[in-house]
Amino acid sequence: MPTMTVRPLCLAAALAGSLALAGCAGNSTGLGLNLVSQEQLVELGQQDWQRLIQSTPATANASYQRRAEQISARLLRAASLDPAGWEVRVFQGQEANAFALPGQKIGVYEGLFKYAKTDAQLAAVIGHEIAHNLEGHAAERVSTQMATDAGTSILGAVAGASGVGGSEMIAAALGTGAQYGLLLPYSRNQELAADRAGLLMMARAGYDPQAAIELWQNMKQAGSEQPTFMSTHPGTADRIAALQKLMPEAKAAYKPG
């Protein structure tokens, strides 16, 4: 666990300042705070990934793993990233969930394949999660958690130079989802930003962005509650309407594979 460089008085000031920032956040995707370095964030992501690997078995479904790897590679190339530097793993579990961690890690749960019936539909989810990573939402999420947590445990951790906090907080802040991700969902503004970036990414990768709407229609027909990876959004019908508004821009970027 990396040692934080933020002193208690600085963090206290950040806590006070965050109240004012929250009142005028507007379309911001966070509180505008930066309390963790990229190096620390990557280390946290890698630690969280290792904890997840140790606690959750990988899928035994070779088709699921292959699809996740191939789709992730196409999306990463469309974002001008080298897929060789990323690790992709499908985990056992019925959660309709996926995530992308700092440190170039992509995780997908088996339960998502119940709804993502085509590669394009799966690309809609993975692209959205990669977009959260590229848009810097994990850093905003961790910083916001550090700045707004009312408990003295955060201040105590900083005062004692014991790091960012416990594993539960880290998992929640980074969004790995299975056990703790719902404790700290992405903000609606972050979700909207990731929607747009993810749709453009999948379109440039040769996946029809219309598949994002089809995915949500599958969920609606199944009578499913919103899965954990989109938990902060409105109901499914409103979600579809929001995606439809983004569709013209995404369609213009679409390059059929």
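Predicted model: local features only at pLDDT ≥ 70, side-chain atom pairs only at ≥ 80, totals over all residues.

1. Let's start with H9 and H10. Helix H9 (residues 210-221) packs on helix H10 (residues 236-253) with an angle of about 170° and 8 Å between the axes. Angles over 145 degrees count as roughly antiparallel, so that is the label for H9 and H10. The crossing of H9 past H10 is left-handed.

2. Which residues of H9 and H10 make this contact? On the H9 side they are Gln 210, Ala 212, Ile 213, Trp 216, Gln 217 and Lys 220. H10 contributes Thr 236, Ala 237, Arg 239, Ile 240, Leu 243, Gln 244, Met 247 and Lys 251. Sorted by class, the contact holds seven nonpolar, four polar and three charged residues.

3. The second pair to look at is H3 and H4. Here helix H3 (residues 62-78) meets helix H4 (residues 119-134) at about 60°, and the axes are 9 Å apart. H3 is therefore oblique to H4. This crossing is right-handed.

4. The class count for H3 with H4 is eight nonpolar, two polar and two charged residues.

5. Now the salt bridges: the whole structure has six. One of them joins Asp 119 and Arg 67, at 2.8 Å from N to O. Asp 119 sits in H4 and Arg 67 in H3, so this bridge ties together parts 52 residues apart in sequence. Are these two partners buried or exposed? Arg 67 counts as buried because its relative accessibility is 16%, whereas Asp 119, at 35%, is partly exposed.

6. Glu 249 pairs with Arg 196 at 2.5 Å, N to O. That links H10 to helix H8 (residues 188-204), across 53 residues. Both are partly exposed, Glu 249 with a relative accessible area of 34% and Arg 196 with 40%.

7. Lys 251, already listed in the contact of H10 with H9, also forms a salt bridge with Asp 208, with the closest N and O atoms 2.8 Å apart. Asp 208 lies in the loop between H8 and H9, 43 residues from Lys 251. Lys 251 is partly exposed at 35% relative accessibility, and Asp 208 is partly exposed at 26%.

8. Finally, please take a look at Glu 87, Arg 89 and Lys 105, which a network of salt bridges links.

Note on methods: Residues numbered from 1 in each chain as written. Heavy atoms only, no water. Axes fitted to C-alpha atoms, helices over the stretch in contact; angles between N-to-C directions. Helix = DSSP H or I, 4+ residues; strand = E, 2+ residues; numbered from the N terminus. Parallel < 35°, antiparallel > 145°, perpendicular 65-115°, else oblique. Left-handed = near helix turned anticlockwise from the far one by under 90°. Contact = heavy atoms within 4.5 Å. Nonpolar A, V, L, I, M, F, W, Y, C, P; charged D, E, K, R; others polar. Salt bridge = Lys/Arg side-chain N within 4 Å of Asp/Glu carboxyl O. Buried < 20%, exposed > 50% of the residue type's maximum accessible area, 1.4 Å probe, protein only.
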